Amino acid sequence: MTPKQVLEFAEKNGTKMVDLRFMDFPGLWQHFSVPLHELEEATFEEGLGFDGSSIRGWQAIHASDMIVIPDPTTALMDPFAQHPTLIMICNIADPITKERYSRDPRYVAHKAEAYLKSTGIGDTAYFGPEAEFFIFDDIRFDQNAHSGYYFLDSKEGVWNTGRDERPNLGYKPRHKEGYFPVPPTDSYQDLRTEMTLMLEEMGIIIEAQHHEVATAGQAEIDMKYMPLSTMADQLLRYKYVIKNVALKHGKTVTFMPKPVYGDNGSGMHVHISIWKNEKPLFAGNGYGGLSDMALHFIGGILKHAQSLVAFTNPTTNSFKRLVPGYEAPVNLAYSSRNRSAALRIPMYSASPKAKRVEVRFPDATCNPYLAFSAMLMAGLDGIENKIDPGDPLDKNIYDLSPEELAGVPSVPASLDEAIAALEEDHEYLLKGDVFTQDVIDTWVSYKREAEIDAVRLRPHPYEFFLYYDI
C-alpha cells in the first residue's frame with residue numbers, strides 16, 4: 001500500500017489507534033501507539049519521535065532523540081486489540097539528517113538484500129524458518145541474592161501422569177515421543193489450528209502445523225518461504241500471533257531453545273535459496289542436485305559458522321540445546337537427507353524451485369534481521385571466493401568412531417566462545433557496509449555485559465546439589 005492507501009484502509013476499518021513497531025538490538029519487538037488523527041501522509045516522510053536511549057543497545061542519553069518512519073507496505077489490522085488498531089512496522093532514522101540508523105536491525109537486512117543485488121549473483125534470497133516453541137500452562141521464575149529457581153508446567157508434561165487431576169485422563173506424550181501421535185495425545189491440535197488460521201488472516205502463508213518431538217506441548221508451525229527482510233518481518237508477526245492466541249486460552253509460549261531438561265530443545269531450521277530474474281540458482285548436477293553456487297554457499301556457511309552462531313544462537317540458553325551427542329546439529333558438516341548434519345539438502349522434491357540449503361543449528365531467540373543477514377553474507381562470501389565445502393557426510397554422525405568424529409568441526413560450546421569467534425571473524429559481514437564495525441562491537445559488548453557475565457556470576461541451582469556437602 002501507498003501512504004494514501006494506508007489512510008483509506010485505516011478509515012475503512014474504523015481504526016482508532018495506530019501501533020508503530022520496530023525491532024530493538026537484541027531482538028524484541030517494541031511499539032508505541034498514536035491516535036489515528038496523528039497519522040498523515042507526511043508522517044511517512046517526517047516520522048514520529050521517541051527516546052532512543054531507552055532501547056537496549058541503542059543511543060546514549062545525550063543523543064537520544066530518534067524517529068520512526070512507518071513502512072506503508074506493512075500495514076495490517078491488529079487482531080488482538082480491544083479497539084480497532086492499525087499496525088505498521090517502522091524504520092529508524094536520525095531526526096536531523098533523516099539517514100537510516102545503523103543499529104536498526106531492519107536496516108541491516110535491507111542492506112544485505114541490496115548487497116546481494118550489487119554482486120550480480122542474484123536478486124532475491126529466500127528464507128524459510130521452521131520455528132519451534134513450547135506451550136506451557138504455568139511458568140514461575142526468580143533470581144536474587146539468596147535464591148534462584150524456575151518452575152514450569154504443562155498438562156501434556158509426562159511428569160504429570162501421576163498427578164491427581166480429578167480425573168487424570170492420561171494421554172501425555174512420553175519424552176521424545178511427541179512427533180506426532182493424533183489427539184487426544186496431541187492435545188493442542190485445535191490451538192495450533194487457531195494460530196495457523198489467524199496467521200493466514202494476517203497474510204502469512206502456512207505450509208504445515210504439528211506437534212514436535214518433546215513432551216509438554218512442543219510445537220511447530222511452518223511458514224512458506226519469503227525474501228529475507230519480508231520473512232524477518234513475518235517472523236515477528238508469527239511470534240506475536242502465537243503468543244497472543246496462547247494467552248487468550250490461558251497458555252504461555254516460549255521460544256527458548258532449552259526450557260525442559262531431558263527432552264528435545266527448540267530449534268529453528270532455516271531453508272535458504274538464491275534466485276535471479278525469478279529463476280532458482282541452487283539447482284544443478286552436483287551433490288544432492290545442487291549447483292556449484294549452492295555448494296560454495298554451503299562452504300561459506302561452514303567456514304564462518306563459528307562466528308555466525310553469535311547471531312543465529314545468541315543466548316546462553318541456546319547452548320543448552322547445542323550439546324554434542326544429544327541429536328543437536330552441532331557438527332559442521334553437510335549432507336542430503338541426513339538430519340544429524342548442521343547443513344542438510346532436503347530431498348522432498350526434484351523441482352529446481354524446491355532446491356535449497358537447510359541450516360539446522362539456528363534457534364528462534366535470534367534477531368531474525370541480523371541472523372538472516374549474517375547467514376546470507378557468509379554464503380555470499382563462499383560464492384564469491386568459491387569456497388569448497390569439502391566432502392559430504394552421509395553417515396549418521398552419532399555412529400562415528402571417536403577418530404572419525406575428531407575430524408568433524410563443531411559449533412562453539414558457549415555464547416562466550418561464539419562471541420569470541422565473532423570478534424576474530426567478521427570481515428565478511430562488513431562487505432557493502434551491511435554490518436558496520438559499530439554494530440559488531442555493540443553486539444559483542446552487549447552480549448558480554450548483559451548476558452554472559454550476568455549468567456556466569458550467578459550460582460546455578462544444580463551446583464548446590466553437586467557441591468554443597470563438600
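In which sense do strand 5 (residues 76-77) and strand 6 pair, and over how many bridges? The pairing is antiparallel, and two bridges join strand 5 to strand 6. The model described here is predicted.

## Strand 6 and its partners

Strand 6 covers residues 85-93. Strand 1 (residues 17-23) pairs with strand 6 in the parallel sense, over five bridges. In this case Asp 19 stands opposite Ile 87.

## Burial of strand 6

Nine of the nine residues of strand 6 are buried.

## Salt bridges

Side chains of opposite charge can pair when their charged atoms come close. Over the whole structure, 24 salt bridges are found. One of them links Arg 163 and Glu 165, with 2.9 Å between the closest N and O atoms. Arg 163 is partly exposed at 34% relative accessible area, and Glu 165 is also partly exposed, at 26%. Another salt bridge joins Arg 174 to Glu 177, with an N to O distance of 2.8 Å. Arg 174 has a relative accessible area of 52% and is exposed, whereas Glu 177, at 39%, is partly exposed.

A further salt bridge, at 3.9 Å from N to O, is formed by the side chains of Asp 416 and Arg 448. Asp 416 belongs to helix 10 (residues 415-424) and Arg 448 to helix 12 (residues 437-456), so this pair ties together parts that are 32 residues apart in sequence. Asp 416 is partly exposed, with 26% relative accessibility, and Arg 448 is partly exposed as well, with 25%. Both residues belong to a network of salt bridges that also includes Glu 423, Asp 453 and Arg 456.

## Surface patches

Which residues gather in a patch of negative charge on the surface? The patch is made by Glu 38, Glu 40, Glu 45 and Glu 46. Glu 46 is part of helix 2, which spans residues 43-46. Its relative accessibility is 51%, so Glu 46 counts as exposed, the cut-off being over 50%.

Tyr 467 is located in helix 13 (residues 461-467). With a relative accessibility of 49%, Tyr 467 counts as partly exposed.

Note on methods
Residues numbered from 1 in each chain as written. Predicted model: local features only at pLDDT ≥ 70, side-chain atom pairs only at ≥ 80, totals over all residues. Heavy atoms only, no water. Patch = residues over 30% accessible without salt bridge, like charges linked within 9 Å, V, L, I, M, F, W, Y side chains within 5 Å. Areas by Shrake-Rupley, 256 points an atom, 1.4 Å probe, with all protein chains shown as cover. Salt bridge = Lys/Arg side-chain N within 4 Å of Asp/Glu carboxyl O. Lys, Arg positive; Asp, Glu negative; His and termini not counted. Charge placed at Lys NZ, Arg CZ, Asp CG, Glu CD. Helix = DSSP H or I, 4+ residues; strand = E, 2+ residues; numbered from the N terminus. Buried < 20%, exposed > 50% of the residue type's maximum accessible area, 1.4 Å probe, protein only. Pairing = 2+ DSSP bridges.
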